[in-house]
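Work through the two exercises below with the model open beside you. Try each task before you read its solution.

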Amino acid sequence: TEVAPGAVHLPDWLDAGLRRELLEACRSWARPPAGLRTVRTPGGGTMTSRQVCLGWHWYPYRYARTAVDGDGTPVKPFPAWLGELGRRAVTDALSAGAVTAAYDIALINFYGADARMGMHRDGDERSDAPVVSLSLGDTCVFRFGNAESRTKPYTDVELRSGDLFVFGGASRLAYHGVPRVYAGTAPPELGLSGRLNITLRVSGFPA
Ligand code: MD3
Ligand code: FE
């Protein structure tokens, strides 16, 4: 379903094997060094999701090669198989022609029952390549807004375990957020309590 120009939601896109493999991989990436951390914003706020990065380390509002706001160690490498998954996601959601440069960043956010993400735009990458979003575990409300402001008009969409969402074109710079997670809605067979979101991005930075 095209929710807005360039924003395509493919529910249930991940097969069962990939869901298990991605969750297992996220568990290993979450371990130190450069593992899961709490992100603090310059204004003194604390993000309620916890995050781990691959390839490039995101911190408000820049990228680095080390976990500068974590334990300071080198960021874990971005694996080739994740890049292939990103390419296949863009081809399936948009078209073969929409695939541009190679994916080299993964930002993985873990949401407990009370976690949210405020309305924001992702503008720290130097590429307009589509962002690929993969969800596992609890269902959430994903709020997709407009490019001008954090406020209405926006569209609320439920993101469930296994869903793919791709944000290309005009949607790449739209405000978006996660106002709510529905605790206890994760499929029991996955063995995850909470929600995981994996975004794949193209940095546009020199390697
Ligand atoms: C629209 N994550 O990591 S995924 C983020 O569910 C982020 O954890 C949310 O916003 C989450 O920055 C939303 C959907 C998403 C991701 C990236 C986007 C939507 C986007 C980039 C541009 C436009
Ligand atoms: Fe975002």
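**Exercise 1.** State in which order the four strands of the open sheet are arranged, and which of the strands are edge strands.

Step 1. The open sheet runs β8-β13-β10-β11, with antiparallel pairing (strands are DSSP runs of E, at least two residues, numbered from the N terminus; two strands pair if DSSP finds at least two bridges between them).

Step 2. β8 (117–120) and β11 (155–159) pair on one side only, which makes them the edge strands.

Step 3. Five antiparallel bridges join β10 (residues 140–144) to β11. F142 has V157 in β11 as its bridge partner.

This is a predicted model, in which local features need pLDDT of at least 70 and side-chain atom pairs pLDDT 80 or more, while totals for chains, interfaces and linings use all residues. Residues are numbered from 1 along each chain as written, chains are lettered from A and ligands numbered from 1 in written order, and side-chain values use heavy atoms, without hydrogens and water.

**Exercise 2.** Identify the residues that coordinate the iron ion (ligand 2), and find where D122 and H176 lie.

Step 1. H120 (NE2), D122 (OD), D122 (OD) and H176 (NE2) coordinate the iron ion (ligand 2) at 2.0 to 2.7 Å (donors are N, O and S atoms within 2.8 Å of the metal, or 3.2 Å for Na, K and Ca; water is not among the atoms, so sites may look incomplete).

Step 2. The donor residues follow the spacing H-x1-D-x53-H. D122 lies in the loop between β8 and β9 (131–137) and H176 in strand β13 (residues 176–181), so the pair ties together parts 54 residues apart in sequence.

Step 3. D122 is buried, at 11% relative accessible area (buried means under 20%, exposed over 50%, partly exposed in between, with a 1.4 Å probe and protein chains only). H176 also counts as buried, at 15%.
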